[in-house]
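This briefing goes through one structure topic by topic, for a reader who has the sequence and the coordinates at hand. Please keep both open while reading the points that follow.

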Amino acid sequence: MNAKRSSVPVALLDWYDAHRRVLPWRARPGETVDPYRVWLSEVMLQQTTVAAVTPRFLAWTARWPDFASLAAADDADVMAAWAGLGYYARARNLVKAAKAVVAEHDGVFPRTEAELRTLPGLGAYTAAAVAAIAFGERAVVVDANVERVVARLFAITTPLPAARPAIRAAADTITPDMRAGDFAQAMMDLGSSICTTRNPKCLLCPLRPDCDGFAQGEPERLPVKAKKAAKPQRHGTIFWLERDGQVLLVRRPDTGLLGGMRALPTGPWTDQPPGFEAAPAQADWQMLDDRVTHGFTHFDLELGLAVARVEAHQPGEWWPVETLDTAGLPTVFAKAAQAIRAR
DNA sequence: GACTCGTGGCT
DNA sequence: TAGCCAAGAGT
């Protein structure tokens, strides 16, 4: 235990200095860290890959480069800019947090983990990561990478999520007082490139001399995870109402699935087959033979596509079909729109 | 602790 | 292919 405390940070930081990734939100050695960019990147990276985040981060920071501009942004613009990234509460909370920084912190991002933790969208991980990376505070940063590295390093065999307290305690023992931000990023770089979920590259790992999981064999079996429940199948109908080259869009409620997002009208998503009961208007609806499928985190969805044209005006937001790709639709609706337009 | 909440990439 | 997984947070 104490052997790891002294050897792991040194070995890991040496490895990081030689192999650290260059990322748009990451300050190079000697550069000044921008807390706004660190925070934004950490939120975007929640459950989201570096490849998916990179172009979004660049576009976002070009449009809203700081807390003040984001706090003053139009909500619909923000949600449209987030479309396709998923977990849309993140976008809603980004605006809430930016407004809170401007209104309650004089525009200055708080620098302690405890203060950061009070802002919307900053949970245990993100508050610790921002405190460490942006402000150099010593904080125990535990994400899925760190969980995996630590579970192997200490050969923790308790299944997740029950193992979380033990993993955090172990991570605490190897977190250094200095360079805590680099240490956190090094752990994540190691987890993404060396200590991977499958086929870890132990022969290249700077922590192999300290790794109990390697010493005991089969480190790839760690961490142990509880099995997940099967996803149910749900069904529904998407309504494509067209008038003079424009299609009717709605705005979904702020809470719940795809909350606050612009969308095509849809009925409830249940175990019932597609039907016209929830149509947004009286019209000569035709059900297409095509079906659109989409997987969410906790259920799979198969949608019928109901289409109709109207002449009379209907209340709602009408969007030109030709520019529908700029409407900021979540992926499931973008899929449906493409299927309909392909016909 | 158990759910909800997206998406795309990988094997 | 079908499942697994990723820089998690909120309730």
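Predicted model: local features only at pLDDT ≥ 70, side-chain atom pairs only at ≥ 80, totals over all residues.

**Cavities, DNA surface and one tryptophan**

The count of cavities of 30 Å³ or more comes to two.

**The largest cavity**

- The largest cavity holds about 120 Å³ of space, and 13 residues line it, with Arg152, Cys195, Cys202, Cys205 and Cys211 lying nearest its centre.
- Helix 9 gives the largest share of this lining, namely three residues.
- By class, the lining of the largest cavity consists of eleven nonpolar and two charged residues, with no polar ones.

**The second largest cavity**

- About 50 Å³ of space lies in the second largest cavity, and the residues that line it are Val141, Val146, Ala171, Ile174, Thr175, Phe183, Ala184 and Met187.
- Two elements, helix 10 (164-174) and helix 11 (180-193), each give two or more residues to the lining of the second largest cavity, and helix 11 provides the largest share with three residues.
- Seven nonpolar residues and one polar residue make up the lining of the second largest cavity, while charged residues are absent from it.

**The chain as a whole**

- Chain A has 13 helices and six strands in its secondary structure, and its C-alpha atoms fill a box of roughly 75 × 50 × 30 Å along the principal axes.
- Of the 343 residues in chain A, 48% are buried.
- Among the contacts in chain A with a separation of 6 or more, 67% are between residues 24 or more positions apart.

**The surface near DNA strand C**

- DNA strand C is surrounded by 25 residues, and the closest of them are Leu45, Gly121, Thr126, Asp143 and Asn145.
- Of the atoms of DNA strand C that come within 4 Å of the protein, 65% belong to sugar and phosphate.
- Helix 8 (124-135) and helix 9 (144-153) are the elements that give two or more residues to the surface near DNA strand C.
- Sorted by class, the surface near DNA strand C has ten nonpolar, seven polar and eight charged residues.

- Although Trp318 and Gln246 are 72 residues apart along the chain, their C-alpha atoms are separated by 5.6 Å.
- Leaving aside residues up to four places away in sequence, Trp318 touches Leu241, Glu242, Arg243, Gln246, Val247, Leu248, Val310 and His313.
- The side chain of Trp318 also reaches the backbone oxygen of Gln314, at 2.8 Å.

How values were computed. Residues numbered from 1 in each chain as written. Chains lettered and ligands numbered in written order. Heavy atoms only, no water. Near = heavy atom within 4 Å. Helix = DSSP H or I, 4+ residues; strand = E, 2+ residues; numbered from the N terminus. Nonpolar A, V, L, I, M, F, W, Y, C, P; charged D, E, K, R; others polar. 1 Å grid on protein atoms, 1.4 Å probe; cavity = no way out; pocket = protein on both sides within 12 Å on 5 of 7 lines; lining within 4 Å. Points joined across faces, edges and corners; volume = space filled by probe spheres on them. Buried < 20%, exposed > 50% of the residue type's maximum accessible area, 1.4 Å probe, protein only. Contact = heavy atoms within 4.5 Å. Polar contact = N/O pair within 3.5 Å; in protein donor to acceptor, adjacent residues only side chain to side chain.
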